Amino acid sequence: MTAVPETHAHNIDLSDVHQQISSRLTRLDQRYTGGRRRLVDALVAAGRPLTLPDIVASAPDLAQSSAYRNLDVLEQSGVVRRISIGNDHAHFELAESLLGHHHHLICVECSTIEDIHLDDELEAVVDAGLAKVAREAGFTPLHHSLDLHGTCANCS
């Protein structure tokens, strides 16, 4: 049983992702504008959650105020997920419905976030353990997320 860090861009079909996002936004009476598409491209290319300054640095043609407004629309539409870790900048990533289920390693020193994927066997053990705890508490879970907070290799 292992956790596999994702240190490269996600292995996803970008044209399929763009189509899914366009359809989702259309159903919500929103347009999939060029600015929103560039935000999605920046998030996919990074392969990890990014802060707004990281996004703007990777796509300098995007104005920070416009990028923030578009991220808000994408978040409200269920396309982007915001990860707040208690520092000045939230991190953003594509929603799990687009990327697949994963977890995070969060460095408390430099605030970097790395995606990790558990192998199927370990994910099943985690799911079973969480389901048991929820059942005993009379709780009905919808999904789970697991974030490990600690110190990354660069900060150790």
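How much space lies in the second largest pocket? In this predicted model, the volume comes to about 170 Å³. The residues that line the second largest pocket are D127, L130, A131, A134, F139, P141, L142, H143 and H144. By class, this lining divides into 6 nonpolar, 2 polar and 1 charged residues.

Attention can now turn to the surface. Here L105, L146 and L148 come together as a nonpolar patch, and their accessible area together is about 220 Å². One of these residues, L105, belongs to strand 5, which covers residues 103–107. L105 counts as partly exposed because its relative accessibility is 31%, a value between the 20% and 50% cut-offs.

Most residues other than glycine have a negative phi. Against that background, D29 has a positive phi, near 60°, and S111 likewise has a positive phi, near 70°. D29 sits in the loop that links helix 1 (14–27) and helix 2 (34–46), whereas S111 is placed in the loop between strand 5 and strand 6 (113–118). Their surroundings can also be described in terms of accessibility. With a relative accessible area of 72%, D29 is exposed, as the cut-off for that class is over 50%. S111, in contrast, has a relative accessible area of 17% and is therefore buried, the limit being under 20%.

Notes
Residues are numbered from 1 along each chain as its sequence is written. This is a predicted model: local features need pLDDT of at least 70, side-chain atom pairs count only at pLDDT 80 or more; totals for chains, interfaces and linings use all residues. Side-chain values use heavy atoms; hydrogens and water are left out. On a 1 Å grid over the protein atoms alone, a cavity is a set of points where a 1.4 Å probe fits but cannot get out, and a pocket is an open set with protein on both sides within 12 Å along at least five of seven lines; lining residues have an atom within 4 Å of a point. Grid points are joined across faces, edges and corners, and a volume is the space filled by probe spheres set on the points. Ala, Val, Leu, Ile, Met, Phe, Trp, Tyr, Cys and Pro count as nonpolar, Asp, Glu, Lys and Arg as charged, and the others, Gly among them, as polar. Patches are made of residues with over 30% relative accessible area and no salt bridge: like charges are joined within 9 Å, nonpolar side chains (Val, Leu, Ile, Met, Phe, Trp, Tyr) within 5 Å. Accessible areas come from the Shrake-Rupley method with a 1.4 Å probe; for residues, only the protein chains shown count as cover. A salt bridge is a side-chain nitrogen of Lys or Arg within 4 Å of a carboxyl oxygen of Asp or Glu. Helices (H or I, at least four residues) and strands (E, at least two) are DSSP runs, numbered from the N terminus. Buried means under 20% relative accessible area, exposed over 50%, partly exposed in between (1.4 Å probe, protein chains only).
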